[in-house]
Amino acid sequence: MPRPESRGAWRHPFLPGRLIMGLTGLAVAALYAGDAAGAWHAPWYALPPLLCSGLALAGVAGWIGYRARRRAARAASADSTGAPASTSGSHAIR
């Protein structure tokens with residue numbers, strides 16, 4: 001399989017909020033899997049703080065990622081070094 005750099009771009013954008021939410025889900029699953037296997041005892045009140053803090057952190061990371069992508073898109077669209085859209089003055093698609 002060719003590396004993403006050889007194609008010029010990744011297939012999907014990096015979304016840090018989804019990554020953090022996935023890691024939070026894995027942490028909760030590991031906590032209860034260890035409890036079910038008898039490796040340790042996980043109290044029932046361990047889930048809400050872990051899940052709520054994971055959701056909050058994922059929301060903040062998603063918002064920061066959104067703002068960074070938006071800023072990059074605005075900077076790219078404000079760049080007017082290329083050729084004009086039309087030389088005839090009309091922007092109609094023909």
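In which helix does Thr24 lie? Thr24 lies in helix α2, the element that covers residues 16-37. The model described here is predicted, and its protein chain contains three helices and zero strands, so that the order of elements, read from the N terminus, is α-α-α.

**The chain as a whole**
- The protein chain has 94 residues, of which 12% count as buried.
- Its accessible surface comes to about 7,800 Å², and carbon and sulfur atoms account for 67% of that area.

**Thr24 and its surroundings**
- Thr24 has a relative accessible area of 9% and is therefore buried, given that the cut-off for this class is under 20%.
- A polar atom of the Thr24 side chain lies 2.9 Å from the backbone oxygen of Ile20, a distance that falls within the 3.5 Å used for polar contacts.
- When neighbours within four places in sequence are left aside, the residues in contact with Thr24 are Leu50, Leu51 and Gly54.

**Gly25, the next position in the helix**
- Gly25 is also found in helix α2, but with a relative accessible area of 34% this glycine is partly exposed, whereas Thr24 is buried.
- Leu50, one of the residues in contact with Thr24, is 25 residues away from Gly25 in sequence, and the two C-alpha atoms of Gly25 and Leu50 are 9.5 Å apart in space.

- Phe14, Leu19, Leu23 and Leu26 together make a nonpolar surface patch of about 450 Å².
- Leu19, one of the patch residues, lies in helix α2 and counts as partly exposed because its relative accessibility is 44%, a value between the 20% and 50% limits of that class.

**The aromatic pair**
- Counting ring pairs whose centres lie within 6.5 Å gives one aromatic pair.
- This pair is formed by Trp44 and Tyr45, whose ring centres are 5.7 Å apart and whose planes stand at 85°, so the arrangement is edge-to-face; the class requires an angle over 60 degrees.
- Trp44 and Tyr45 are both exposed, in contrast to the buried Thr24.

Key
Residues numbered from 1 in each chain as written. Predicted model: local features only at pLDDT ≥ 70, side-chain atom pairs only at ≥ 80, totals over all residues. Heavy atoms only, no water. Phe/Tyr/Trp six-rings, centres within 6.5 Å; stacked < 30°, edge-to-face > 60°. Buried < 20%, exposed > 50% of the residue type's maximum accessible area, 1.4 Å probe, protein only. Helix = DSSP H or I, 4+ residues; strand = E, 2+ residues; numbered from the N terminus. Polar contact = N/O pair within 3.5 Å; in protein donor to acceptor, adjacent residues only side chain to side chain. Contact = heavy atoms within 4.5 Å. Patch = residues over 30% accessible without salt bridge, like charges linked within 9 Å, V, L, I, M, F, W, Y side chains within 5 Å. Areas by Shrake-Rupley, 256 points an atom, 1.4 Å probe, with all protein chains shown as cover. Salt bridge = Lys/Arg side-chain N within 4 Å of Asp/Glu carboxyl O.
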